Amino acid sequence: MAHRADAKAMLDERGYVGATIRGQNPAHLMEKAVRDRITDSYYWKEQCFAVNEATLCDRAIEATFIGGTYGQQKPTPFLCLALKLLQLLPSREIVLAYLHQEDFKYLSALAAFYVRLTFEPADIYKTLEPLLADYRKLRRRTKNGFSLTYIDQFIDDLLTKDRICGTSLWKMPSRQQLEDLELLDERVSPLGEEIDEIDNDDQDQLERRDDDSDEVDEVEPTTNGYGADHD
């Protein structure tokens, strides 16, 4: 019951005196309806009890899918752990350690979701964009079952969409706006060198084709099909 009371205090709109993110109780970065479903769920009551930054890793390692709610609006363990992270407010170093470890992809996905909720706009792009080159598979739980996605697609969704995993994300500036404000450098695609090589190959083929065409034009025409001239 104490854990239940602590959770309710964290979610209470009145009298919150803890650390804030963008001027508000971190838990309120999730919609109230979502928070209520989470704190009423069996997973929150049984698996998120007395969890700290270290033991949360164990819970995330056990995860087998991402997602928001399913069935009769039942929250996924992924969503419950995201709210728990908002309650714990781990240090930046811990969050980045979760994100960049390579053994447990659902822990990386959870950290990425937390980064999108809590970091400042330029830091979100700088922190998450390197994961656009991470092609590990993820299972996504939907209302009707499961679907396949990838970490790079999940990251792209976090950077471009306003609602992910049953949760509305705060509206952040676009990358272009941040570039215009000189808060971000222009992004260089990790495929840039490969694209340049393809372009160079295409250009070489066009030049060879033009050379072959010039050689054909230089051959003197004949008056019949046998290569002999007639008076």
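A crossing is left-handed if the near helix is turned anticlockwise from the far one by less than a right angle, and right-handed if clockwise. The model is predicted, with local features needing pLDDT of at least 70 and side-chain atom pairs pLDDT 80 or more, while totals for chains, interfaces and linings use all residues. Residues are numbered from 1 along each chain as its sequence is written, and side-chain values use heavy atoms, without hydrogens and water.

**View 1. Helix α6 crosses helix α8 in a right-handed sense.** The axes of α6 (residues 92–100) and α8 (residues 121–128) come within 12 Å and cross at roughly 35 degrees (axes are lines fitted to C-alpha atoms over the stretch in contact; angles run from 0 to 180 degrees between N-to-C directions). Helices are DSSP runs of H or I with at least four residues, and strands are E runs of at least two, numbered from the N terminus. Arg92, Leu96 and Leu99 of α6 meet Asp123, Thr127 and Leu128 of α8 (contact: heavy atoms within 4.5 Å).

**View 2. Helix α7 packs with helix α9.** The axes of α7 (residues 105–118) and α9 (residues 151–160) lie 10 Å apart at an angle of about 10 degrees, which means that α7 is roughly parallel to α9 (angles under 35 degrees). Lys105, Ala109, Ala112, Phe113 and Arg116 of α7 touch Ile151, Phe154, Ile155 and Leu158 of α9.

**View 3. Strand β4 gives the most to the lining of the largest pocket.** Three residues of β4 (residues 137–142) take part. The lining consists of Gly67, Gly68, Thr69, Arg140, Arg141, Thr142, Lys143, Arg163, Cys165 and Gly166 (on a 1 Å grid over the protein atoms alone, a pocket is an open set of points where a 1.4 Å probe fits, with protein on both sides within 12 Å along at least five of seven lines; lining residues have an atom within 4 Å of a point).

Key:
Parallel < 35°, antiparallel > 145°, perpendicular 65-115°, else oblique.
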